[in-house]
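Hi everyone, thanks for coming. Please have a look at the sequence and the model on the screen, and then we'll walk through a few spots together.

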There are 2 protein chains.
Amino acid sequence: MTTQPLLIGGEWREARELLGAFRAEDPTTGAPIGPAFPLCGAADVEAALQAAAAVADELAAGPPERIAAFLDAYAAGIEADAEALVDVAHAETALPKQPRLANVELPRTTNQLRLAAKAVRSYAWTQPVIDTAAGLRTHRAPLSKPVLVFGPNNFPFAFNAIAGSDFASAIAARNPVIAKAHPSHPATSERLARIAFAALEQSGLPLAAVQLLYHFDYGVGARLAGDARLGAIGFTGSRAGGLALKAAADAAGVPAYVELSSVNPVFLLPGALAERGEALAQEFFTSCTMGSGQFCTNPGVVIVPRDAAGDAFVSAARAHFAAAAPSVLFSRGVLDHLQAGVATLRSAGAEVLAGGTTGEHGYRYAPTLLSVSAETFLQQPKLQTEAFGPVSLLVRVRDVSQMAQVASSFEGNLTGTLYSANDGRDAEAWSTVAHALRPRVGRLIGNRMPTGVAVSPAMNHGGPYPSTGHPGFTAVGMPAAITRFTALHCYDNVPEQQLPTELRDRNPGGVTRCVDGVWRNDDLGSA
Amino acid sequence: MTTQPLLIGGEWREARELLGAFRAEDPTTGAPIGPAFPLCGAADVEAALQAAAAVADELAAGPPERIAAFLDAYAAGIEADAEALVDVAHAETALPKQPRLANVELPRTTNQLRLAAKAVRSYAWTQPVIDTAAGLRTHRAPLSKPVLVFGPNNFPFAFNAIAGSDFASAIAARNPVIAKAHPSHPATSERLARIAFAALEQSGLPLAAVQLLYHFDYGVGARLAGDARLGAIGFTGSRAGGLALKAAADAAGVPAYVELSSVNPVFLLPGALAERGEALAQEFFTSCTMGSGQFCTNPGVVIVPRDAAGDAFVSAARAHFAAAAPSVLFSRGVLDHLQAGVATLRSAGAEVLAGGTTGEHGYRYAPTLLSVSAETFLQQPKLQTEAFGPVSLLVRVRDVSQMAQVASSFEGNLTGTLYSANDGRDAEAWSTVAHALRPRVGRLIGNRMPTGVAVSPAMNHGGPYPSTGHPGFTAVGMPAAITRFTALHCYDNVPEQQLPTELRDRNPGGVTRCVDGVWRNDDLGSA
C-alpha cells in the first residue's frame with residue numbers, strides 16, 4: 001500500500017511502521033477522496049520525537065530573527081497558495097469557500113503567524129523583569145524540548161496542528177513541534193506542511209524544527225503524551241480525548257494545555273428581549289448554525305425568561321431553526337457524537353422544538369433547538385453536555401434571580417454572554433447575573449455572540465476546568481498564547497556577556513522590560 | 001483528650017473528628033514539647049472546605065484595599081510578637097534565633113506580606129491588557145475558590161502555610177486559604193494564625209478567609225487535594241508527598257503548584273578553583289551546613305575538576321566537614337530520610353569523605369561530604385537523589401567537556417551555579433557548561449551559593465520537572481508568585497460601568513496597563 005509521506009527529521013518519508021491507511025471523505029456524500037494517508041505506529045512516533053528533540057537546543061540557542069523570518073515566509077507561502085489550500089480544505093471539510101475559508105480563516109491564520117513573528121522580534125513574549133539592586137534578571141525562555149500539537153477538526157487552517165495558534169505559539173518560543181494533524185483533513189495538513197517546509201529551508205532554521213504525523217492510535221498517542229522528553233502539549237478537541245492525553249502528560253510532568261468543551265451560555269436579559277427580541281432570534285440562529293455550529297464557542301445554551309417577550313423570542317428562533325436545511329458536518333464521528341449528545345439532552349428532560357433529524361446524504365444534521373425548564377436544568381448536570389454542531393438548548397427561567405441561579409450552576413466554560421437593553425434598564429440584572437457567571441467563564445461577552453474569537457493580545461480563549469485544563473492561559477492571542485510554551489529563566493549575578501540579548505544592560509532593540517518595577521525600553525542605567 | 005483548636009469558618013474550635021493527637025518535639029533531644037494538637041478527620045476537612053468556599057465570592061468581589069490592609073496588619077502583628085514567635089519557632093525547629101529566625105526569616109516574612117500588599121494596591125498582579133479597537137480587556141482575577149496551602153518543615157515563618165509566600169500570594173489574589181501547617185512546628189503555626197485572625201478582624205475581611213488545620217492523614221489529604229471545589233494547591237515538601245497530591249489535583253482539574261526536590265548543582269570552573277579554591281571550599285561548606293542544610297536550594301552536588309586545584313579544594317572542603325559537629329535536624333522523619341538518601345548515594349557508588357554518622361542525642365547528623373567520579377555519576381541516575389540536610393556529593397570531572405556532559409545529565413532543578421575566575425579566563429568554559437545547564441534549572445547563578453533566595457520581582461524560585469510541577473511559575477517574588485492563584489478573565493464589549501476598576505477607561509489609581517501594546521498608567525484615550 002502506498003501512503004503519503006510523513007515529515008520527520010527534515011525528510012518527507014514513508015511510514016516505517018504502517019499500521020493502516022485512511023482517506024479523507026467528502027462530508028456531503030461520505031465518499032472517500034484524495035490519496036491514502038498512513039496510520040503510523042510507535043516506531044514513527046519515536047523517530048519524530050527523537051528528531052525534534054535533537055534540534056531543540058539548536059533552535060533555543062539560535063537567533064530569534066530566523067524564527068520570525070520563518071513565520072513570515074510561511075504566512076506568505078500560505079497566501080501564495082491560497083486558492084489551492086481553500087479548494088482542498090473545502091473538499092475535506094465542506095466549510096464554505098467564501099467567506100469562511102478564503103476570507104476569514106485563511107487571513108486569520110496568516111495574521112496569526114505574522115503576529116507571532118512580531119512578538120518574536122519585539123521579545124514581548126519573553127517578559128523581561130530586572131531587579132538591578134538584587135542582581136536578578138528573569139525572562140521567559142524556550143522549553144528546549146519538543147511541543148506536541150494536536151489539531152482539531154473544526155479549523156483546518158487557524159487551529160491546524162501545523163499552522164494554527166498552538167503551532168505558531170510553540171515555534172515563536174523557539175521550540176520544535178511535532179504536529180499531529182486531524183485525520184479528517186489530512187491533505188490540507190500535508191499541503192500546509194509542504195509550505196512550512198519550504199519556509200524552513202528559506203529561513204535557515206533546522207529542518208527538523210517541524211514534524212508532521214497524520215494519525216496514530218489511542219495507545220500510541222497516550223504513550224507519546226506521557227513521554228518526559230516532551231516540553232508541553234497543545235490540544236484542542238473532545239473532552240474524552242483531551243482528558244486522556246492530559247492524564248498521561250500530568251503523570252510525566254509535561255504541561256498539557258488542553259481545550260476541551262464548552263456550551264457557552266447566553267443570557268438574554270429581560271430588557272434586551274423586550275427591546276429587540278426578533279433581532280436577537282436572528283442573531284442567535286446565525287451564530288448557532290454558522291460553520292454548521294462546529295465552533296468551540298458555539299452558543300449551546302440560551303437562558304430565556306418565561307414571559308411574553310421570551311415566548312416571542314422562542315417562537316421566532318424556532319421558526320428559523322425549523323426552516324433551515326440540514327447542515328453538513330465534518331465527519332461520521334461528529335454526526336455520531338452529535339446524535340449521542342442530543343439523545344443525552346433529551347433523556348435528561350429537554351424537549352425538541354425544531355430539528356433533531358439527520359439529512360439524507362453524507363454527514364448532515366438539521367439545525368436543532370431544544371428547550372427545558374430552569375428547574376430541570378438545575379437538577380440535571382447532563383443538560384450541560386456539549387452537543388457539538390448546530391444545536392442549542394433554551395433554558396426557561398422564572399426571573400433574574402433564577403437566571404443568576406442557573407449562571408451559578410455552570411461548570412467551567414470558555415465564554416458566557418449577556419444581552420442587555422440599550423437604554424440601560426438591565427444594569428442591575430447584568431450585575432446580578434454577571435456576578436454569578438464571571439468566575440465560571442474565561443471571556444464575558446456583552447451584546448454579541450460568542451462565535452467571534454479575535455486574535456488580540458487582550459483575548460482570552462481559555463476558561464476554568466473542564467473547558468480547559470488550566471484557568472490561567474489563553475490559546476489565542478499573541479504574545480499571551482506563546483507564554484504557554486515557555487520556561488521561566490532567572491539569571492542571578494550572571495556576567496553581562498553571558499546574558500541573553502533582552503536581559504543585557506544595553507538594549508539596542510528597544511525591548512520593553514520591567515526594570516525595578518517600571519516598564520521601559522531604554523538601556524539599563526539610563527536616566 | 002484536649003487538643004488545640006482548629007481555625008475553621010471564623011471560629012477557633014475543637015476538632016469534631018479527632019483521629020489522634022500529636023505534640024511538637026525538641027529536635028535537640030527528641031522530647032515532646034508544648035500542647036497536644038489534633039490529627040483531624042474528613043469531617044473537619046470538609047468543614048474547612050465549605051467555610052472557605054462560602055466566602056470565596058465575597059472575597060473576590062470585595063475591595064482590594066481590605067486585602068492590603070489585612071496583609072499590612074498581619075505583618076505588623078508578627079513584628080509586635082516577634083520575640084515570642086522566635087522563641088516558639090526555635091523550640092520547635094532548633095533553628096538559631098539569631099541571625100536566622102529573628103534577623104533573617106521573620107523580616108523576610110513580614111517584607112513578603114508587605115510586598116504582597118503593595119502588589120494588591122498597585123494591581124500589578126492583575127496584568128491588565130486592553131485592545132481598544134477590538135473592545136477587549138483582560139486581566140488576572142481571583143479563582144473564586146479556596147486555595148489549599150501545604151507548608152514545609154524548613155521555614156517556620158517564610159513558607160509557613162499561614163504566613164509564607166504561598167499564603168500571601170493566594171490571599172493577595174483575593175482567594176480564601178485552607179492552611180495545612182507542617183506538623184513539626186504546630187505551635188508556631190497556631191501563634192501565627194492567631195495574629196492573622198486578629199488582622200482579619202481589624203481589616204474587615206470575612207473571618208473565614210483563612211482556616212488552619214494542623215495535620216491529617218494521607219488519604220484525607222489526597223481526597224482534599226482532588227476536590228474540584230478547590231481553586232488551586234500550593235505545596236512545598238517532599239517529592240513523594242507532592243507528587244501524590246499533584247496526581248489527585250490533576251485528576252480533578254485543580255492546578256497544583258508543587259515544589260518538590262532539587263540538588264542544585266554547583267560547577268567550579270578551572271579558573272575559579274585555581275584563583276580561589278580555598279575560599280570556595282569555605283563558602284561551600286558554610287552554604288551546605290547553614291540551617292543544617294535544610295534548604296530547597298542547598299548545594300547538593302558540586303562538580304570539581306580532577307586536577308591539582310580540584311584536589312586542593314576537595315581536601316580543604318573535607319577538612320571543614322570533618323571538623324564540624326553534628327547538625328540538629330528538624331525531626332526523626334528528616335533524619336531517617338537523610339540516612340536513607342546517603343545510603344542510596346553510597347550504594348550507587350559514592351564514597352564518604354567526611355561525616356556519614358548520626359549524633360548522640362536528638363535528631364543529629366554529621367555534615368557529610370561524598371565523592372564520585374563523573375563516569376559513575378553519568379551511569380547512575382540515583383546519584384541525583386536529594387539528601388535533605390548538611391550533605392553534598394562531589395563529582396570529579398576530567399575536563400570542561402565532561403563538566404558539560406554532567407550538566408546535560410541533570411533532571412530539572414531549582415538552581416544551577418557556576419563559579420568562574422575574576423579575570424575572565426573561564427568565559428568559554430562558562431558558555432559551554434551554561435549552555436548545557438540552562439534548560440535544566442530555574443535560576444542560573446554566578447559566583448554565589450544558591451542558598452540565598454531574594455524576595456524580588458525578578459526571582460525565580462521554580463524550575464523544570466521534577467523540581468516543581470510546572471516550569472513557568474515562581475513560588476517566591478511579588479507579583480509573579482501571585483499569578484499562580486489567578487484566572488485569566490476577558491471582558492469583550494462589556495459596558496464600562498460593569499468592568500472591574502483596573503480595566504475602566506478612567507484610571508485614577510494609575511494602574512500600569514498594556515494598552516494597544518504599550519505599558520502606561522494614564523486614562524484610556526489620553527494623548
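Let's start at E351(A), which stands opposite S371(A) in strand β17(A). Before going on, a word on what you see: this is a predicted model, where local features need pLDDT of at least 70, side-chain atom pairs count only at pLDDT 80 or more, and totals for chains, interfaces and linings use all residues. Residues are numbered from 1 along each chain as its sequence is written, chains are lettered from A and ligands numbered from 1 in the order in which they are written, and side-chain values use heavy atoms, with hydrogens and water left out.

Strands here are DSSP E runs of at least two residues, and helices are H or I runs of at least four, numbered from the N terminus. Two strands pair if DSSP finds at least two bridges between them. Strand β15 of chain A, residues 351-354, is joined to β17(A) by three bridges, and the two run antiparallel.

Is β17(A) mostly covered or uncovered? Mostly covered: five of its six residues, in the range 368-373, are buried. Buried means under 20% relative accessible area, exposed over 50%, and partly exposed in between, using a 1.4 Å probe and protein chains only.

Now follow the chain: β17(A), helix α13 (residues 374-379) and β18(A) make a right-handed β-α-β unit. Right-handed means that, with the strands pointing away from you, the path from the first strand over the helix to the second runs clockwise.

On to the rings. Rings of Phe, Tyr and Trp (its six-membered ring) pair if their centres lie within 6.5 Å; planes under 30 degrees apart are stacked, over 60 edge-to-face, and the rest tilted. Over all chains, the structure holds 36 aromatic pairs. Take W12(B) and F197(B): their ring centres are 6.3 Å apart and their planes at 75°, so this pair is edge-to-face. It links distant parts of the chain, since W12(B) is in strand β2 and F197(B) in helix α7, 185 residues apart. W12(B) is partly exposed, at 22% relative accessibility, while F197(B) is buried at 11%.

Last, a charge sits over a ring if NZ of Lys or CZ of Arg is within 6 Å of the ring centre and within 35 degrees of the ring normal. R438(B) does this with Y491(A), 4.6 Å from the ring centre.
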